[in-house]
Amino acid sequence: MPSIKNMNPRNPPIPEVLDTASLRGLLFLGCFGTLIAAKCAASEALRMHYEFAVNTALFIWLPSLILGGLICLLYIAGPGSRFHPYWRSRHFLIPAGLIWMTASFSIVRQLPSVLVPASISILLAVAAFVLGHFYRSIPVKFLAAIWTFGALVSLLTPPTISFTLFAILLVAAGSIPAGIAYLRIRKA
């Protein structure tokens with residue numbers, strides 16, 4: 001196993017299961033997932049702004065997360081899927097589905113809604129930093145800085161502004177970069 005320091009920044013090792021078609025599909029799913037999360041965050045901001053008395057965890061977040069996860073699994077496993085056979089196997093799909101369900105219920109049941117933007121922003125910042133360091137990518141490290149800034153602002157602002165900023169960041173620092181990468185790979 002090569003160390004991170006010895007990796008060629010222009011040609012990092014890519015496992016066999018992460019072929020071009022699978023990477024393109026995962027980027028599409030990343031774009032799709034961030035748009036669903038942005039819709040949930042915008043709905044939460046509107047609920048807070050107009051002071052609707054509705055349990056958004058139960059009626060907005062949970063159905064969106066469960067249906068989004070189910071659609072992603074069906075997209076990967078469905079007929080005509082060009083994903084590598086590993087991604088379509090039961091060895092990946094069953095654990096991935098169970099982990100997604102557990103994470104969905106945990107976010108909805110355990111985390112106060114005002115902490116959702118900051119918590120998810122911190123997770124995305126850490127993931128972007130690790131990926132940026134692993135692939136020696138300045139743009140990905142810049143996304144880590146954006147998500148860290150978003151987490152800080154989310155912790156220091158009222159919930160309505162926090163969810164609005166989170167929805168904007170999900171589109172600007174999630175969907176748009178994934179969509180651009182998807183289009184670049186598709187043209188190659």
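1. Accessible areas here come from the Shrake-Rupley method with a 1.4 Å probe. On that basis the chain exposes about 11,800 Å², and carbon and sulfur atoms supply 72% of this area. Please keep in mind as you read on that this is a predicted model.

2. Let's start with the overall fold. The chain has 7 helices and 0 strands, and its pattern along the sequence reads α-α-α-α-α-α-α. Of the 188 residues in the chain, 37% are buried.

3. Next come the helix pairs. Two packed helices are described by the angle between their axes and the distance between the axes. For helix H1 (residues 20-50) and H2, the axes come within 10 Å and cross at roughly 170°. Because angles over 145 degrees count as roughly antiparallel, H1 is roughly antiparallel to H2. On the H1 side, the residues making the contact include Gly 25, Phe 28, Leu 29, Phe 32, Ile 36 and Ala 37. On the H2 side, among them are Ile 60, Trp 61, Ser 64, Gly 68 and Ile 71.

4. H6 contributes Leu 143, Ile 146, Trp 147, Gly 150, Val 153 and Ser 154 to the contact. From H7, the residues involved include Ser 162, Leu 165, Phe 166, Leu 169 and Leu 170.

5. A polar contact of 3.4 Å joins its side chain to that of Ser 154. Leaving out residues up to four places away in sequence, Ser 162 touches Pro 117, Ser 154 and Thr 157.

6. Gly 132 lies in helix H5 (residues 116-134). Is Gly 132 buried or exposed? With a relative accessibility of 0%, Gly 132 counts as buried. Apart from residues up to four places away in sequence, Gly 132 touches Ser 137, Val 140 and Lys 141. Its C-alpha atom is separated by 8.7 Å from that of Leu 143, which is 11 residues away along the chain. Gly 78 sits instead in the loop between helix H2 (56-77) and helix H3 (85-88). Gly 78 has a relative accessible area of 18%, so this residue is buried, as the cut-off is under 20%. From Gly 78 to Arg 88, 10 residues apart along the chain, the C-alpha separation is 8.2 Å.

7. Back in helix H1, two residues show how this helix relates to other parts of the chain. Arg 24 is found in H1 and is buried, with a relative accessible area of 16%. Its contacts, not counting residues up to four places away in sequence, are Arg 82, Tyr 182, Ile 185 and Arg 186. Ala 37 is also placed in H1. Setting aside neighbours within four places in sequence, Ala 37 is in contact with Trp 61 and Leu 170. The C-alpha atoms of Ala 37 and Ala 167 are 130 residues apart along the chain, yet separated by 7.4 Å.

8. One backbone angle to check is at Glu 51. What is the phi of Glu 51? It is positive, about 55°, although Glu 51 is not a glycine. Glu 51 is found in the loop between H1 and H2. With a relative accessible area of 69%, Glu 51 is exposed.

Terms used
Residues numbered from 1 in each chain as written. Predicted model: local features only at pLDDT ≥ 70, side-chain atom pairs only at ≥ 80, totals over all residues. Heavy atoms only, no water. Helix = DSSP H or I, 4+ residues; strand = E, 2+ residues; numbered from the N terminus. Buried < 20%, exposed > 50% of the residue type's maximum accessible area, 1.4 Å probe, protein only. Axes fitted to C-alpha atoms, helices over the stretch in contact; angles between N-to-C directions. Parallel < 35°, antiparallel > 145°, perpendicular 65-115°, else oblique. Contact = heavy atoms within 4.5 Å. Polar contact = N/O pair within 3.5 Å; in protein donor to acceptor, adjacent residues only side chain to side chain.
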